[in-house]
Amino acid sequence: MKKLDSRDVFGSIGFIPKQAAQAWSEARRIKIPKNYSRVSRILVCGMGGSAIGPHAVRSIFYDKIDAPMQIINSYNLPAYVDENTLVLLSSYSGTTEEVISCAREARAKRAKIMVIAAGGVLAEMAKKYSWPMYEFTPKWNPCGQPRLGLGYAIFGTLALLSRAGLARVSESEGEAMIRALARQAKRFAANGTNPAKNLARQLKGKQVILIGSEFLEGNMHIAANQINETSKQFATYFLIPEINHHLLEGLSFPERPKRDMRFVFFESKKYHPQVQRRYALTRQIIERNKIKTLTYRFSETAKLAQASEALMLGAYLSFYLGIMNGKDPSDIPWVNFLKKKLSN
């Protein structure tokens with residue numbers, strides 16, 4: 001691990017609870033204009049690791065956010081953006097070109113604007129135009145990779161929406177999630193055998209298909225992202241019950257790749273009862289198509305704590321897979337290659 005982990009990804013993962021505590025404390029002190037609470041919709045603009053945090057917020061707190069929330073991964077905003085829209089610009093570096101493009105459009109459309117960044121052009125724009133901003137110092141992310149700065153992205157987003165009067169999340173709920181993050185970080189970082197290492201061993205060399213539902217949708221998105229980048233291994237995700245209406249008929253062909261597939265089911269007693277029933281049936285159908293499945297069962301019982309557990313599991317799982325694949329988990333050569341070509 002020490003030989004391959006050149007930029008201390010393992011350390012950054014272990015610090016996610018501290019990132020969360022820092023962001024929850026700092027961002028809750030940001031002053032937000034009162035008229036921000038009267039917007040009719042929320043748009044979050046972000047790419048890659050800077051967008052996965054808002055994905056988690058949207059799904060985990062779907063029943064506590066009082067306006068429709070959409071995430072934009074593009075250079076442009078939808079036509080309906082106006083002065084009644086809150087645009088939250090999320091960029092770890094503050095230099096993401098797609099987000100900066102959206103920032104200019106949002107200002108031209110007179111939208112309400114907030115910013116999460118560690119500096120860069122975006123922070124300069126926020127100061128120039130007096131946009132509310134959480135400018136964080138990423139002292140608990142030694143590897144510097146945005147996807148490992150999840151504590152800042154998730155709890156910064158959540159705190160700003162709460163301060164704006166758009167998310168009904170109490171201080172105690174945020175603190176409970178942070179305590180769960182710390183419990184699970186200790187569990188998955190343990191020497192010797194632990195559930196994250198065991199799962200990594202079973203997924204090494206396989207195409208990983210993550211299956212979740214409802215409040216864990218964002219967690220599935222994050223875990224797939226991290227396995228792709230950190231493990232250098234293919235991963236994607238699907239959601240129950242949606243896949244019951246199409247994917248089950250797509251398992252017959254092609255036959256050859258099926259032996260390399262692994263479906264991983266994240267089962268929770270916090271899902272809708274009918275959704276819970278669908279898990280066993282869906283797993284049965286997939287196995288009848290000669291595809292192997294795995295099941296992860298949560299040690300936490302509360303909904304928010306399960307989301308914290310899934311977050312830490314995905315991060316550690318992706319790290320252990322990367323090490324087992326013989327790769328530096330911080331290295332992203334193809335992403336850097338593409339960025340370099342685009343800058344020419």
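How many residues does helix α4 have, and how far does it reach from its first C-alpha to its last? The model is predicted.

## Helix α4

Helix α4 covers residues 97-108, which makes 12 residues. From first to last C-alpha it reaches 17 Å, close to the 16 Å expected at 1.5 Å a residue. After the helix comes R110, with a positive phi near 60 degrees.

The buried residues in α4 are E98, V99, I100, C102, A103 and A106. An α-helix has 3.6 residues a turn, so residues three or four places apart point the same way. Cover for the buried residues of α4 comes from several elements, including the strands β1 (41-45), β2 (69-72), β3 (85-91) and β4 (112-117). Helix α5 (120-129) is also among the covering elements.

## Helix α11

Helix α11 runs over residues 303-324 and has 22 residues. Just after α11, G326 adopts a positive phi of about 75 degrees.

## Residue Q22

Q22 lies in helix α2, which spans residues 16-27. Is Q22 buried or exposed? Its relative accessibility is 9%, and because the cut-off for buried is under 20%, Q22 counts as buried.

Leaving out residues up to four places away in sequence, Q22 touches Y134, T137, K139, W140 and Y152.

## The chain as a whole

The chain contains 12 helices and 9 strands. It has 344 residues and a radius of gyration of 20 Å, which agrees with the value near 20 Å for a compact globule with that number of residues. Along the principal axes, the C-alpha atoms fill a box of roughly 55 × 45 × 40 Å.

Of the 344 residues, 55% count as buried. Among contacts with a separation of 6 or more, 80% are between residues 24 or more positions apart.

## Surface and charge

The accessible surface of the chain is about 15,700 Å². Carbon and sulfur atoms account for 51% of that surface.

Methods
Residues numbered from 1 in each chain as written. Predicted model: local features only at pLDDT ≥ 70, side-chain atom pairs only at ≥ 80, totals over all residues. Heavy atoms only, no water. Helix = DSSP H or I, 4+ residues; strand = E, 2+ residues; numbered from the N terminus. Expected span 1.5 Å × (residues − 1). Rg over C-alpha atoms; globule rule 2.2 N^0.38 Å. Buried < 20%, exposed > 50% of the residue type's maximum accessible area, 1.4 Å probe, protein only. Contact = heavy atoms within 4.5 Å. Areas by Shrake-Rupley, 256 points an atom, 1.4 Å probe, with all protein chains shown as cover.
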